[in-house]
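Q: Please take a close look at the side-chain contacts in this structure. Begin with the charged pairs, then turn to the aromatic rings.

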Amino acid sequence: MCGRYALALRPSQIRRLLEQDNMPMAEWPEDDGGEEPRQSYNFAPGYHGVVYRADTPDWGAGPRRDEHGDATTTASDKSDTQTPTYKMQTMKWGLVPFWTKRRPDYGSLMKTINCRDDSLSSPGGMWASMKGRKRCIVIAQGFFEWLKAGPKDKVPHYIKRKDGRLMCMAGLWDCAQYEGPNQDTTDKVYTYTIITTDSNSQLRFLHDRMPVILEPGSKAMQTWLDPARYDWSPELQSLLKPWDGELEIYPVTKDVSKVGNSSPSFIIPIDSKENRSNIANFFSNAAKKQQAKKSEVKTEETSAKGIVPKTEPVETTLISPMKRKLEENHEELLSKTPKATKREQPRSGKISATKNVGKSPVKSKDTSGSHKITKFFANSA
């Protein structure tokens, strides 16, 4: 944790919400300026997200230091003595230390998307040059965690603040510039990591780690971002603890598990009527569509083909041309057939297969072409 979160807002929307929470800024990315962050309901490592930090030089807060670690303060470097200003900046998720000279592969980037709080408590280590001078806030709407439901089955859950406000996660940032024949030596690469701590009681059933969440505009946040505090201290370390606010946690669609997918349904409860992937809602919509089709009478189609659609009820006033033609032929046939006399009608109303009904056929006087069957056998003998 944290390996995926949601941030599908434009920079102007984020700015407005942060300023409402007493987080002013003097600089921010434009919505369509070429440096805008990525908007996604399934924000993954390597994406460009939104970071809120003190407006300091690329080396961070405090005086600039040489390769030996000695301060090289100049008049232009004394920003920590002035009233601090803050800015919102687009950075890439997955921290790349400033001393990196070649672009890291994706596997290396994945190792630095998170930073454990306990790794900051001891001196030295990878984060030593950043934790005192390059602290920031990573902005999100919420984050995802997966609950193990079986040996190979995991159910994704979405976690957000219950009050609906933006989630401000403590983080570290850095600025690197790659070198080499195949590297661009002019562009600076700004990256960040999210600091994690032990889960609180609400989230412990799902995962044992959670991001450090700070209250927007609070004293704790002001302390965390203060550029005058450029040396790591127990006070800063004490801010890295489980959040005591109220969270809302619920399962969501498994489509969020695939990187690259993004949909508003990813942050909606799986059993919600609003979620289009919900099975009950799916069949409900299908039934409504079918009913709508049944209510539409396709007059042109039925008149051209002479067939009433199966979905339409057959009305007594609607007779197809084919049926009308059959009835007319039947009436014509009856009119040409001579009516049977009373003597010719069997009493039982049934026709016998062995008994002639009515008069016997008249024998023809001309017997030249016909012989009685007894005469035939006599001649044969």
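A: A salt bridge here is a side-chain nitrogen of Lys or Arg within 4 Å of a carboxyl oxygen of Asp or Glu. The model is predicted. By this rule the count comes to 18 salt bridges.

Take Arg-10 and Asp-31. Their side chains meet in a salt bridge, at 3.6 Å from N to O. The pair links distant parts of the chain, 21 residues apart. Arg-10 is in the loop between β1 and α1 (11-20). Asp-31 is in the loop between α1 and β2 (40-43). Arg-10 has a relative accessible area of 38%, so Arg-10 is partly exposed.

Next come Glu-179 and Lys-101. Their side chains form a salt bridge at 4.0 Å, N to O. Glu-179 lies in the loop between β9 (167-176) and β10 (189-198), and Lys-101 in the loop between β4 and α2, so the pair ties together parts that are 78 residues apart in sequence. Glu-179 is partly exposed, at 43% relative accessible area. Lys-101 also counts as partly exposed, at 40%.

Arg-229 pairs with Asp-226, and the closest N and O atoms are 3.4 Å apart. Arg-229 is partly exposed, at 30%. Some salt bridges share partners: they join Asp-21, Arg-161, Asp-163, Arg-165 and Glu-215 into one network.

Now the rings. A pair of aromatic rings is described by the distance of the centres and the angle of the planes. A search of the whole structure finds 12 aromatic pairs. One of them is Tyr-5 with Trp-93: the ring centres are 5.0 Å apart and the planes stand at 50°, so the pair is tilted. Tyr-5 is in strand β1 (residues 5-7) and Trp-93 in strand β4, 88 residues apart, so this pair links distant parts of the chain. Tyr-5 and Trp-93 are buried.

Phe-43 and Tyr-47 make an edge-to-face pair, because their planes are at 80°, with centres 5.3 Å apart. Phe-43 and Tyr-47 are both buried. Tyr-5, Phe-43, Tyr-47, Trp-93 and Tyr-192 form one aromatic cluster.

Charges meet a ring at Trp-173. The charged end of Arg-53 sits over this ring, 3.9 Å from its centre. Lys-134 lies over the face of Trp-173, at 5.8 Å from the ring centre.

Last, the surface. Phe-98, Trp-99 and Met-126 form a nonpolar patch there, with about 290 Å² of accessible area together. Phe-98 is found in the loop between β4 (86-93) and α2 (106-110). Its relative accessible area is 40%, so Phe-98 is partly exposed.

How values were computed
Residues numbered from 1 in each chain as written. Predicted model: local features only at pLDDT ≥ 70, side-chain atom pairs only at ≥ 80, totals over all residues. Heavy atoms only, no water. Patch = residues over 30% accessible without salt bridge, like charges linked within 9 Å, V, L, I, M, F, W, Y side chains within 5 Å. Areas by Shrake-Rupley, 256 points an atom, 1.4 Å probe, with all protein chains shown as cover. Helix = DSSP H or I, 4+ residues; strand = E, 2+ residues; numbered from the N terminus. Buried < 20%, exposed > 50% of the residue type's maximum accessible area, 1.4 Å probe, protein only. Phe/Tyr/Trp six-rings, centres within 6.5 Å; stacked < 30°, edge-to-face > 60°. Lys NZ or Arg CZ within 6 Å of the ring centre and 35° of its normal.
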